Amino acid sequence: MVAGHLTPRTWLDVGAGHGHFCRTARTVLPGTAFDGLDLGAGIGEAARRGWVRRAHRRPFTEMLDDLAGRYDVVSMHHYLGRRPDPQAELDAAAKVLRPGGHLLIELPDPGSRLGRRLGRFWPYWLQPQHLHLMPMGNVDKALAARGFRVVARERRRAGQGGDLVGTVAVALNAVAPPPERPWSVRPPRPADRARRAAGLAVAAPLLLPALLLDRLLVPLVPGTSNAYRILARKDEG
């Protein structure tokens, strides 16, 4: 998506995890230097393996003095909605990008038609990890307020699939939760384990049909993508 608009010299992946995106992206853009930022220890391992050039293990909003104006591209894959203050994260992205740089955002799509139909059992609500669920139009407005111009959007290609398989898993956990869940207020009892086993027995035959529908039918229905991407260019000056 980015390669169709520019060939970046430097790229910062925010919320990089263990650096797998940077590892793969380097095969598409071998002349680009990829840095990764994450609070987890995995980003340090990514640097040791050579998957990222530099590893930053601090909150993004606290790195502005070090990173200002340094990057041609900043990417945020399923990161922005998990941060307490997405507005501050966008402000930070605007500061670390050079004029003419690009910001790539990928987020779950709360406007998904399938998500609306499945209600609380749709897996991509993913509570409580997602603190914010942002429609694409809201993100467009937030970017425009910071001097960004959207140059490309993707919905279907951004989808991660697995909506119906995930729905079966979410429903199973709601009806027959795992006995060893860490937030349980009491130790697991034999009745809890029996309930879980019965739930698994009921859910197991549903997984293959759900998988086939995810692969064969859901991609044909408009408006069912569970994610979207936005690529925006920071105005010159």
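**View 1. Surroundings of D72 in the predicted model.** Apart from its neighbours within four places in sequence, D72 is in contact (heavy atoms within 4.5 Å) with L6, P8, R9, T10, L97, R98, G101 and H102. D72 belongs to strand 4 (residues 71-77), where strands are DSSP runs of E of at least two residues and helices are runs of H or I of at least four, numbered from the N terminus. With a relative accessibility of 10%, D72 counts as buried (buried means under 20% relative accessible area, exposed over 50%, and partly exposed in between, with a 1.4 Å probe and protein chains only). The side chain of D72 makes a polar contact of 2.9 Å with that of R98 (a pair of N or O atoms within 3.5 Å, of which, within protein, one must be able to donate a hydrogen and the other to accept it, residues adjacent in sequence counting only if both atoms are side-chain atoms). A polar atom of the D72 side chain also lies 2.8 Å from the backbone nitrogen of R9.

**View 2. The salt bridge between R155 and D109.** The closest N and O atoms of R155 and D109 are 2.7 Å apart, in a salt bridge (a side-chain nitrogen of Lys or Arg within 4 Å of a carboxyl oxygen of Asp or Glu). Because R155 lies in the loop between strand 6 (148-154) and helix 7 (163-175), and D109 in the loop between strand 5 (97-108) and helix 5 (113-118), the pair ties together parts that are 46 residues apart in sequence. R155 is partly exposed at 40% relative accessibility, whereas D109 is buried at 3%.

**View 3. The salt bridge between R49 and E45.** In this pair the closest N and O atoms are 3.0 Å apart. R49 and E45 are separated by about one helical turn, because they stand 4 residues apart in helix 2 (residues 42-49). E45 is partly exposed, its relative accessible area being 28%.

**View 4. The salt bridge between R58 and D66.** The side chains of R58 and D66 meet at 3.3 Å, N to O. R58 is partly exposed, at 36% relative accessibility, and D66 is likewise partly exposed, at 40%.

**Notes to all views.** Residues are numbered from 1 along each chain as its sequence is written, and side-chain values use heavy atoms, with hydrogens and water left out. Because this is a predicted model, local features need pLDDT of at least 70 and side-chain atom pairs count only at pLDDT 80 or more, while totals for chains, interfaces and linings use all residues.
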